[in-house]
Amino acid sequence: MGSRVAPLTLLLAVPGVAQERAQPPSPAAPDVLAEAHRYWLGQGEVKRDRIRAAELYLKAAEGGDPEAMAHLGRMHFRGEGIPKDAAQAMKWLKSSAAKGNARGLYHLAELHQNGFGVPVNHAEYAKLLRQAADRGSADAMAELGQCHEYGSGIGWDPAQAKSWYEKASEQPKSRFYPMTLAWMHQNGSGFPKDAEAAFEFAKQATGQGYADGPRRMGMHFLNGIGVPKNPQAALAWFTHPDALEDPAALVSLADMLRTGTGVPKDTDRAAALYRKAAKSGTPVAMFWVANCHENGIGGPVDFAQAVSWYAKAAEHEFHWAHPRLAMLYHRGQGVPQDDKRAVRWLKQGAELGSAYSIYLLGWFTESGWALEKDGAKAIDLYQQAGERGWVQAWYELGHCYLNGVITPKNLSKSVEHFRKAADLGSVGAQHQLAWAYQFGLGVAENLTEAVRFYQMAADQGSGASMNQLGWFHQHGLVVPKNPEVALGWYLKGGDRGDSRAWWNAGTMYASGSGNILQDLGKARHAYAQSADLGEVQAMRELGRYLENGLGGARDVDQALAWYKKAMEKGDDPAKAAYLRLTMPPPVIDDLDDLPTAHPTEEMD
């Protein structure tokens, strides 16, 4: 599928293409075209041969066949069987489009989408897609649906997206580009979600020689879409000879190496693959080259290079790049700090449909950075970003209503927005919903629901939710009372960086409970972990353990250091302990002259 840009609703003429009446090809062309198709697909006894297919498509195209022109133009665009050649791709696709050929219009749209031989122009891309769709191209219909669904560039309209998906799904399947069918079944666009069907269509497209087939097969195995997850099978597809010529597949392979998914982590090789793909003009690769420079992946941090590569991706209207550029200008990293430039990048990203850019415009508006401070407008921008699928926007709105920030406090609305974020997988929102159910904040108290949402968040790695589950098991609320299970959750939460979880583990070791034996050494360790994470109570308790040699060696200097840290955070008991240890003892002068007993009266 192509980039997600919304179409214009009017049918406009193909730019720079003289319109002709649709004319029948020469009598010999259909036979030549059919033969070209056989070599392209490898049908019957004919072995797949892209070079021979290109020769035959050329012969049919020179004979005036618009379908052959479309195939030949696509092959020049993608370098399939013949070298990539922007001028030849444009020549043949314009000729095909001028004859009203839907395939020619569709692939001509791709040139404007990708900036191949022409500047990137998503408006022209959308116009051409509409013309191709009106001539029956199911692929163009599906992409128009995608454009409206994500609102990239022009016209975010979920109703129009649904309409175009449905029109595409009504077309005979034989007319679909199989990868389009795979995408639609995978995402439930026009068809019910069906991962197995998506995999089968991707496999069909790969068998037919489509250039992006190996990458799509790799993604199915990597993510377990329609088949069991199998990183090694994914790796095999990403390193398929055809995939090594596909910049998008190189990016997928680099992603595996960068994250260590199914392969040993190799950030140096990942960065090199991103650079190789970026040199071919692939915007997503340009973005990742920039990201590597920004975060020191495969080399040192270099903000200036990050700015340069993000700008290149932005020139291709790759809207992921715009908010990253904005944040570099906001922070003054690699460029002088400049919120006005940051806002300009965000506005460009928003025009392209970037939900993240819209969200950040809300943040800048809330904060008054280079924009008039306006709480109501910020709320509206967060709402727009959320409606476009940016989960953090719903989460932020939840906090705004929870805390009465830039809008009146409204607990029921906070729950409403946290729920939207939770439904999209936000771990923080799931935890907040659980908290709301536990304490009846904006919703009726319901401990069963609280445990359910804590469990959802814990399953995604929330240390805070693990701590809460430990508390429920420790006290036997909703779930059976079980100190061992409780301690297990506290330790998991602590390992995830939750200071309260370590504190609670420390108190269980300090007192002993059930089958958990008192162990002051483990308690001291847990308090130390909690204190390191900023828990004030743990700082004070660790000071007490160090002062008195509990669970380990006595160390008054370290005890003083922890008492002082807790005292500086406003803990009065820690202050009292610190002063007790640092106040000098009272000094009494002339101690030797004091009488040791009451004096007796002398007798006369």
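User: Is Glu80 buried or exposed in this structure?

Analyst: Relative accessible area decides the matter, and a residue under 20% is called buried. In this predicted model, Glu80 has a relative accessible area of 1%, so Glu80 is buried.

User: How many salt bridges does the rule give, and how many positive and negative side chains does the protein chain have?

Analyst: The count comes to 18 salt bridges. The protein chain carries 62 positive and 68 negative side chains, and the centres of these two sets are separated by 9 Å.

User: What is the relative accessible area of Glu541, and what is that of Arg544?

Analyst: Glu541 is buried, with a relative accessible area of 14%, whereas Arg544 is partly exposed at 36%. Both residues lie in helix H29, residues 536-548, three residues apart.

User: How is the covering of an entire helix read, and how many residues of H11 are buried?

Analyst: One asks which of the helix residues are buried and what they pack against. Helix H11, residues 213-223, is mostly covered, with nine of its 11 residues buried. Among them are Arg215, Arg216, Met217, His220 and Phe221. The buried residues of H11 pack against helices H9 (178-187), H10 (195-207), H12 (231-238) and H13 (247-259). After H11 comes Gly224, which has a positive phi near 65°.

User: Where is Asp374 found, and how far is Asp374 from Val415?

Analyst: Asp374 is in the loop between helix H19 (355-367) and helix H20 (375-387). Asp374 is partly exposed, at 29% relative accessibility. Asp374 and Val415 are 41 residues apart in sequence, and their C-alpha atoms are 23 Å apart in space.

User: How is the overall form of the protein chain to be read, and what is its radius of gyration?

Analyst: The radius of gyration is set beside the value for a compact globule. For 604 residues that value would be near 25 Å, but the protein chain has 33 Å. Its C-alpha atoms fill a box of roughly 155 × 55 × 50 Å along the principal axes. The secondary structure consists of 31 helices and zero strands.

User: What share of the residues is buried, and what share of the contacts joins residues 24 or more positions apart?

Analyst: Buried residues make up 48% of the 604 residues. Of the contacts with a separation of 6 or more, 47% involve residues 24 or more positions apart. The protein chain exposes about 28500 Å², of which carbon and sulfur atoms supply 51%.

Methods
Residues are numbered from 1 along each chain as its sequence is written. This is a predicted model: local features need pLDDT of at least 70, side-chain atom pairs count only at pLDDT 80 or more; totals for chains, interfaces and linings use all residues. Side-chain values use heavy atoms; hydrogens and water are left out. Helices (H or I, at least four residues) and strands (E, at least two) are DSSP runs, numbered from the N terminus. The radius of gyration is taken over C-alpha atoms; the globule rule is 2.2 Å times the number of residues to the power 0.38. Buried means under 20% relative accessible area, exposed over 50%, partly exposed in between (1.4 Å probe, protein chains only). Contact means heavy atoms within 4.5 Å. Accessible areas come from the Shrake-Rupley method with a 1.4 Å probe; for residues, only the protein chains shown count as cover. Lys and Arg count as positive and Asp and Glu as negative; His and the chain ends are not counted. The place of a charge is taken as NZ of Lys, CZ of Arg, CG of Asp or CD of Glu. A salt bridge is a side-chain nitrogen of Lys or Arg within 4 Å of a carboxyl oxygen of Asp or Glu.
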